[in-house]
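Dear colleague,

I am handing over the structure that I have been working through, with the sequence alongside.

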Amino acid sequence: MSAILDKVKAPVLEDYFGMSDAELHERIERARRELGSRLVILGHHYQRDDVICHADLTGDSLGLSRSAAARQDAEFIVFCGVHFMAESADILSAPEQKVILPDLGAGCSMADMATAEQVEDAWEQLSSIGVIGDFKVTPITYMNSSAAIKAFCGEHDGVVCTSTNAVPLFDKYLKEADKLFFFPDQHLGRNTGAKFGIPLDEMVVWDPDKDLGGNTEEDLRRARLILWKGHCSVHGRFKPWHVEQVRREVPGIKVLVHPECIYEVVQASDLNGSTEFIIKTLEAAPAGSKWAVGTEVNLVNRLVKRFPDKHIQLLAPDLCMCATMYRIAAESRVGAGIAPRGRSRQPDRRPRGDGPLGSRRARPDAGDQVKRILWLIPMIACRRTSPARIMLTCSV
Ligand code: CIZ
């Protein structure tokens, strides 16, 4: 027990939650100056502005992981993103580089919708009915999945794709295989399959809670694509009526969405693609052009600021933020140990979350460091209470 306490003690003893934004900002910047090239901070496109402002590099998950791995002088890689992203950076970086996810509670609900055990079970079921054997089935997993599922795909001659390279990878593997088994985002799988003219009735959804994923043997034998029953809670909030409404309200507007959106939204849009595609499309768009963008709100808001000569708006009238991305905050990076320690504050200066999450949470016992850590993690999401409430609404 004392070994555990020693390990967890140092950075979390300070009361980062009582610090002002300016103080947190200053502490992080001081740490960056002191650590110099030993530290690289990565900011995913979906992070908040007050996190992005400290990032050395911004980008998508694969791009950031690759760039971090190329920075061999960086001993510490702080990934401001979610779990599978830090895990990917860890896979690509050198063994001596330490990858830090500032808040271990920052997971990805989509990635959590498929476990390696479920995927192995599905594979066994398909083998037991001869679908694997009579047909060549290639597993493809989206970047938003665990390292164990990525490894499973590697072991079964499959591949990992991103939303940027899903189309070329489908192109290659559809030529080589009879069927693709795609994890965990059914929407990216369906939307990409549709780009190759695969009819919807040749795409089946695999529900891991049902025998044969809820399909008949005949359905599975007929299917060209088997799509895991997973989705993104943020992109799933965009509905076809949002597209109809924005077209009615803003004549001439173009709708640009992420392929994690549902099929009907992607079909109703003008263009769809990854975060990098969305950014490049808006960079290249002429001044005065009008765009409704269906992706995470922080990225859209930054694009609105970056291109004042273009009309850019979020596709949905309400906020669409990623609840788990939002867990990364300045406090968590200080807590991750990258900022030098300073004076401590009294525990009673900690703001209490007054949202549904905060009200359930007991205050920590000052003497019990383990309890305190457990308390700190969810508090990161509660510090600014109204966005935290919105975030909880969005995460359903
Ligand atoms: O790979 C990424 O970073 C994600 C989650 C999406 C994208 O389109 O870049």
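**What was found**

Strand E10, which covers residues 254-257, pairs with strand E12, residues 290-294, in the parallel sense, and four bridges join the two. Please keep in mind that this is a predicted model. Within that pairing, Lys254 has Trp291 in E12 as its bridge partner. The two strands belong to an open sheet of four strands, ordered E11-E10-E12-E13, in which the pairing is parallel. Strand E11 (271-272) and strand E13 (311-314) each have a single partner strand, so they stand at the edges and one side of each is left without a neighbour in the sheet. As background, strands of a sheet pair through backbone hydrogen bonds, in either a parallel or an antiparallel way.

There is also an open sheet with the strand order E2-E1-E3-E4, again made of four strands with parallel pairing. Its edge strands, each of which pairs on one side only, are strand E2 (57-59) and strand E4 (98-100), and the twist from one strand to the next averages 20°. Strand E3 (residues 76-80) runs parallel to E4 and is joined to it by three bridges, with Ile100 in E4 as the bridge partner of Val78.

Helix H5 lies across strand E1 (39-44), E3 and E4, and runs at about 155° to E3. H5 (residues 83-92) also meets helix H4 (residues 61-70), where the axes come within 8 Å and cross at roughly 35°, in a right-handed crossing. On the H4 side the contact includes Ser61 and Leu62, while H5 contributes Met85, Ser88, Ala89 and Leu92; by class, this contact has seven nonpolar, three polar and one charged residues.

Which residues in H9 meet H10? They are Ala166, Val167 and Phe170, and they face Leu188, Thr192, Gly193 and Lys195 in H10. Helix H9 (residues 166-176) and helix H10 (residues 186-195) pack at an angle of about 65°, with their axes 10 Å apart, and the crossing is right-handed.

Notes. Residues numbered from 1 in each chain as written. Predicted model: local features only at pLDDT ≥ 70, side-chain atom pairs only at ≥ 80, totals over all residues. Pairing = 2+ DSSP bridges. Axes fitted to C-alpha atoms, helices over the stretch in contact; angles between N-to-C directions. Left-handed = near helix turned anticlockwise from the far one by under 90°. Contact = placed C-beta atoms within 7 Å. Nonpolar A, V, L, I, M, F, W, Y, C, P; charged D, E, K, R; others polar.
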